[in-house]
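Okay, thanks everyone for coming.

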Amino acid sequence: MQPVDYTTIVAICDSLNQNYLPSRLEQVYQIDRTTISLCLRTLNQKAWLTVSWHPQGARICLGNPPPRGKDTFTFSEQLRHLISGYALIEVKIVTEWERVVDFQFAQRPNEAPLYHLFVEIMGKYSNVILTNSEQQIITVAKQITADKSSLRTVETSQFYQLPPSLTGDTPKLEESLEKWQQKVSLIPDRLDKQLIKTYRGVSPNIAQYLLARSNIDNDKNNQELTLEEWQNLYKNWQFWLKSIEKKDFKFSKTSKGYTVLADKHENQDLHKILNNYYNKHIYQEYFNQLKQQIQQKVKNILKKIELKRDKYQEKIIESNNCEIYSNKADLLMAHLHLYKSGMKEIILNDFTTGEPVKIELSPDKNMIQNAQNLYKQNQKLKRAKLAVEPLLAEVQKEINYLQQILTNINHLDYQENEDIVTLQEIKIELIQQKYIEDSQYRGNNTVEESHPRKYETPSGYQVLVGRNNRQNDILTFRTATDYDLWFHAQEISGSHVLLRLNAGEVPDDRDMQYTANLTAYYSEGRQGDRVPVIYTKPSYVYKPKGAKPGMVIYTKEKVIWGQPGKV
């Protein structure tokens with residue numbers, strides 16, 4: 001992830017100073033453990049300012065309004081209590097070439113600041129610190145104690161100190177080509193690395209920009225440059241410093257991230273670029289972590305339940321052999337005259353096959369008592385079978401349900417925020433079904449609702465595909481009409497799929513095959529060549545009493561072969 005460098009911070013501060021000073025801080029909302037949103041209102045506009053101290057995505061930019069929901073974080077509560085309603089009167093970089101921004105708040109514009117919100121954009125050391133006018137720390141996003149750092153502590157009641165200064169020289173416009181070249185080429189190494197090591201404010205992104213603008217290879221050594229290449233690089237170095245001095249920036253997306261030094265015709269909205277870039281990467285990271293967490297949890301639960309199922313099945317197989325015991329008992333009762341005291345076994349010919357059958361005996365019991373024991377064993381196994389069969393059926397339903405959950409998760413890849421919401425819904429469902437615990441979950445929690453995937457058949461009919469069990473139930477029992485067709489992979493887990501039709505419309509073979517292919521693709525059989533897919537009217541789909549989300553039975557179905565590889 002591209003870090004926010006000094007050049008970008010200068011551009012951000014310039015943009016905020018031009019458009020949002022003075023402004024009133026109307027609201028503070030903490031989105032997660034590393035991000036707050038500040039609602040700023042001027043006479044002409046209102047915006048939400050994102051301030052993040054995320055280890056990889058620390059940033060300041062105008063962003064999206066925060067989600068609806070209760071904010072339970074202590075840090076934001078303290079900020080609301082202290083600075084909500086105050087005027088933002090200045091946004092400035094505390095020290096030149098350092099990535100620390102001072103947001104100053106006063107009761108009214110043109111008054112002296114009463115509070116300073118210091119935002120330190122320094123990778124994994126990023127922090128947000130609120131101080132009073134004497135710069136005594138009131139609250140902090142991350143407390144840094146002596147145990148965590150020997151260089152600098154950040155704790156409430158202390159006086160705020162700037163982070164330790166970066167190594168390297170300060171870039172200066174008046175520095176001559178000869179002196180600048182001498183510094184950069186002093187230690188033989190790759191040119192981009194030496195630029196970063198020698199001078200403050202040169203990020204990897206800036207170094208690559210300077211080399212690309214000078215037509216110099218990224219991996220070129222600083223001892224290999226010609227005089228012309230040094231002159232071109234120095235010229236672009238001067239251009240970069242002048243852009244910072246004059247605050248002349250042009251913003252654009254790049255193949256790897258973004259730049260604030262684009263060509264004029266590429267100029268775009270800086271805040272929109274930053275917001276989209278960091279949200280995408282941070283949400284991707286969060287999505288991957290949450291997906292892996294839920295996947296592993298469901299797999300572990302499934303493994304335990306499958307062990308239980310195997311034991312039940314073994315019990316039933318054993319019970320199916322109960323007649324062996326009654327047959328042996330019958331043989332003993334028919335051959336009482338062969339009994340001799342102290343016998344441990346006896347071999348008798350089977351009534352039906354005539355084959356010899358070996359029967360073990362208890363030597364302390366006579367033939368009748370041994371037969372009675374075998375009859376009792378027969379009855380015990382019969383009763384066990386009657387008791388285990390419903391248990392096995394329940395366990396199998398549970399396995400089907402969890403496999404359905406796992407299939408839904410496996411088919412999710414982060415493309416948009418909708419995928420995160422879908423994953424969060426799956427987690428909430430598992431909490432509600434008591435498969436996982438979450439101390440922060442409350443039954444009345446409201447989260448943004450996800451929506452089904454949408455496709456269009458060759459003839460233009462809409463196809464809706466459920467992303468999770470909640471959506472499957474909504475599609476089947478709320479969205480579907482009598483004219484639609486309902487699709488599902490046969491006897492394996494998968495999404496509920498609706499082919500939307502109006503009265504009198506009849507889909508042709510291409511539409512049916514297209515929908516069947518989608519149904520197969522969003523099922524457990526995705527990797528197969530051909531998957532049997534059933535379709536029927538939604539009115540023939542039922543939810544058994546007490547069934548878990550997404551679990552249904554159907555009747556009057558027809559089968560069509562889906563080809564997931566064609567999706």
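This is a predicted model: local features need pLDDT of at least 70, side-chain atom pairs count only at pLDDT 80 or more; totals for chains, interfaces and linings use all residues.

Let's start with a sheet: nine strands make an open one, in the order β4-β3-β2-β1-β5-β6-β7-β8-β9, with antiparallel pairing. At the edges sit β4, residues 59–63, and β9, residues 137–140, and each of those pairs on one side only.

Let's zoom in on one pair. β1 is residues 23–32 and β2 is residues 35–41, and they run antiparallel, joined over seven bridges. As a reminder, strands of a sheet pair through backbone hydrogen bonds.

So which helix lies across β1 and β2? That's α2, residues 74–83, and it also lies across β6, β7, β8 and β9. Against β1, helix α2 runs at about 170 degrees.

While we're on this sheet, look at T131, which is found in strand β8. Is T131 buried or exposed? It's buried, with a relative accessible area of 0%. Leaving aside neighbours within four places in sequence, the contacts of T131 include Y115, F118, I138 and Y160.

Next, a pair of helices. α3 covers residues 177–184 and α4 covers residues 191–198; they pack at an angle of about 105 degrees, and their axes are 9 Å apart. The range from 65 to 115 degrees counts as roughly perpendicular, and therefore that's what we call α3 and α4. On the α3 side the contact is made by W180, K183 and V184, and on the α4 side by L191, Q194, L195 and T198. Sort the residues of that contact by class and you get four nonpolar, two polar and one charged.

W180 comes up again when we turn to the cores. The largest nonpolar core has 71 residues, and the ones touching the most other members are F103, W180 and W240. Take W240: not counting residues up to four places away in sequence, it touches T7, W97, R200, G201, V202, I206, L210 and L261. There's also a second, separate core of 24 residues, with Y401, L402, I405 and M551 among them.

Now a hairpin. β12, residues 345–349, pairs with β13, residues 356–360, in the antiparallel sense over five bridges. There are six residues between the two strands, and G354 in the turn has a positive phi of about 80 degrees. In a regular strand, side chains alternate between the two faces of the sheet. In β12, the covered face has I346 and L348, while E345, I347 and N349 are on the uncovered one. The bridge partner of I346 in β13 is I359.

Last stop, another open sheet. Six strands this time, ordered β14-β15-β17-β16-β18-β21, with antiparallel pairing. The edge strands are β14, residues 453–456, and β21, residues 558–562. The twist averages 30 degrees from one strand to the next. Inside this sheet, β15 and β17 pair over three bridges, and V465 has V497 as its bridge partner in β17.

And which helix lies across these strands? It's α12, residues 509–521, running at about 75 degrees to β21.

Note on methods. Residues are numbered from 1 along each chain as its sequence is written. Side-chain values use heavy atoms; hydrogens and water are left out. Axes are lines fitted to C-alpha atoms, for helices over the stretch in contact, and angles run from 0 to 180 degrees between N-to-C directions. Helices (H or I, at least four residues) and strands (E, at least two) are DSSP runs, numbered from the N terminus. Angles under 35 degrees count as roughly parallel, over 145 as roughly antiparallel, 65 to 115 as roughly perpendicular and the rest as oblique. Contact means heavy atoms within 4.5 Å. Ala, Val, Leu, Ile, Met, Phe, Trp, Tyr, Cys and Pro count as nonpolar, Asp, Glu, Lys and Arg as charged, and the others, Gly among them, as polar. Two strands pair if DSSP finds at least two bridges between them. Buried means under 20% relative accessible area, exposed over 50%, partly exposed in between (1.4 Å probe, protein chains only). A nonpolar core is a set of buried Ala, Val, Leu, Ile, Met, Phe, Trp, Tyr and Cys residues joined through side-chain atoms within 4.5 Å.
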